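Thanks for coming, everyone. Let me put the model up on the screen, and then I'll walk you through a few places in it.

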Amino acid sequence: MLGTNGGGFFGMNSAHPFENPTGLSNFFDTLAMMLFPFALVLMYGRMLKRFRHGLVVFGVMLLMMAGTIVWSVHYDTLRPNPGLTAHPVARNYQIPSSKGPLAVALPAVAGLPVDQHLGNLEGKELRFGTSAGAAFAAITTDVTCGAVNAEADSLNPVAALSAHGRHVAELRVRGQGRGHDQHAPVRHPGHLHRRHDGGAHAGVPGRKIEAREVKLVVLAILVHPLMILMPTGLFSATSWGLKAVSNPGAHGFSQMLYQFSSASANNGSAFDGLGVTYGFAHSLTRC
């Protein structure tokens with residue numbers, strides 16, 4: 001956890017009682033995976049001898065992390081599991097597809113006798129507290145750790161959007177030195193620094209950015225979405241992805257999209273209902 005490598009000796013890593021037995025150990029697990037990413041941001045300011053600049057970056061990253069934690073806890077801990085909630089009226093939706101609008105019918109569902117005043121408890125370890133799973137999911141994606149203490153696949157859909165969106169946006173605190181390298185291409189071209197002749201140019205502290213650097217920035221920004229969208233599209237259009245998903249419809253697609261966005265973002269967390277024995281490795285094994 002301290003090295004933000006994620007996981008652990010046990011497959012369920014931070015959800016396993018031998019690895020993370022109490023709420024106190026969960027606190028130190030969470031703290032450990034945050035130390036290096038934030039320290040690296042402050043070290044960046046010291047290396048440039050512009051510590052206040054590092055503090056500004058630190059503050060922005062901390063504010064963004066706090067926002068994702070609040071979002072996840074609000075939409076998971078304070079909301080019931082929609083799969084256990086009554087839907088007394090049948091609903092019909094039209095979703096776009098390559099063959100035109102596709103009708104999706106959701107039948108009326110009777111509510112189950114489950115007390116949900118503590119929110120969505122599916123896939124959670126209650127020895128940590130009711131909100132620890134959602135908060136951990138937000139933090140582990142913010143710092144690119146990838147460890148889990150709850151089942152990400154069981155988060156309420158809008159709560160999971162927080163973790164999913166962080167993979168896609170790539171703007172967060174990052175471990176292993178990969179935090180600032182994603183913030184820099186987006187943030188630095190907008191910096192203005194005074195020239196000796198009274199004009200201004202864009203650049204990082206002490207370094208000028210011109211057309212060549214901007215082109216490289218655009219290329220760096222485009223690599224990430226391509227690494228997500230291309231394999232997701234391939235697996236969605238072939239039996240590789242269709243056989244791997246464990247949920248029908250939109251959530252099954254989210255499992256695939258999350259898998260590739262997490263891998264591309266150097267995170268490693270996953271919607272673990274997705275099977276991992278399909279695709280390239282499976283095809284090569286059969287050959």
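**A walk through the model**

N13 is buried, with a relative accessible area of 8%. Before I go on, please keep in mind that this is a predicted model. N13 sits in the segment before α1, the helix that covers residues 23-47. For background, most residues other than glycine have a negative phi.

Now to T144, where phi is again positive, about 60°, and the residue is not a glycine. You'll find T144 in the loop between α3 (132-142) and α4 (157-169). Is T144 buried or exposed? T144 is buried, with a relative accessible area of 0%.

Next, the nonpolar cores. The largest one has 9 residues: M33, M34, F38, M65, F136, I139, V143, C145 and A147. Two elements, α1 and α3, each give two or more residues to this core. Of these, α1 gives the most, with 3 residues. If you click on M34, you can see that it touches M65, I139 and V143, leaving aside residues up to four places away in sequence. Another core, of 7 residues, lies apart from that one, and it includes A137, A152, A160 and F271.

Which residues of α8 are buried? They are G252, Q255, M256, L257, Y258, F260, S261, S262 and S264. After α8 comes N266, and its phi is positive too, near 60°.

The largest pocket has a volume of about 1300 Å³. It is lined by 32 residues, and the closest to its centre are P157, P248, G249, A250 and H251. The elements that give two or more residues to the lining are β1 (91-95), β2 (102-106), α4 and α8. Which element gives the most to this lining? That would be α8, with 5 residues.

Technical notes. Residues numbered from 1 in each chain as written. Predicted model: local features only at pLDDT ≥ 70, side-chain atom pairs only at ≥ 80, totals over all residues. Heavy atoms only, no water. Helix = DSSP H or I, 4+ residues; strand = E, 2+ residues; numbered from the N terminus. Buried < 20%, exposed > 50% of the residue type's maximum accessible area, 1.4 Å probe, protein only. 1 Å grid on protein atoms, 1.4 Å probe; cavity = no way out; pocket = protein on both sides within 12 Å on 5 of 7 lines; lining within 4 Å. Points joined across faces, edges and corners; volume = space filled by probe spheres on them. Core = buried A, V, L, I, M, F, W, Y, C linked by side-chain atoms within 4.5 Å. Contact = heavy atoms within 4.5 Å.
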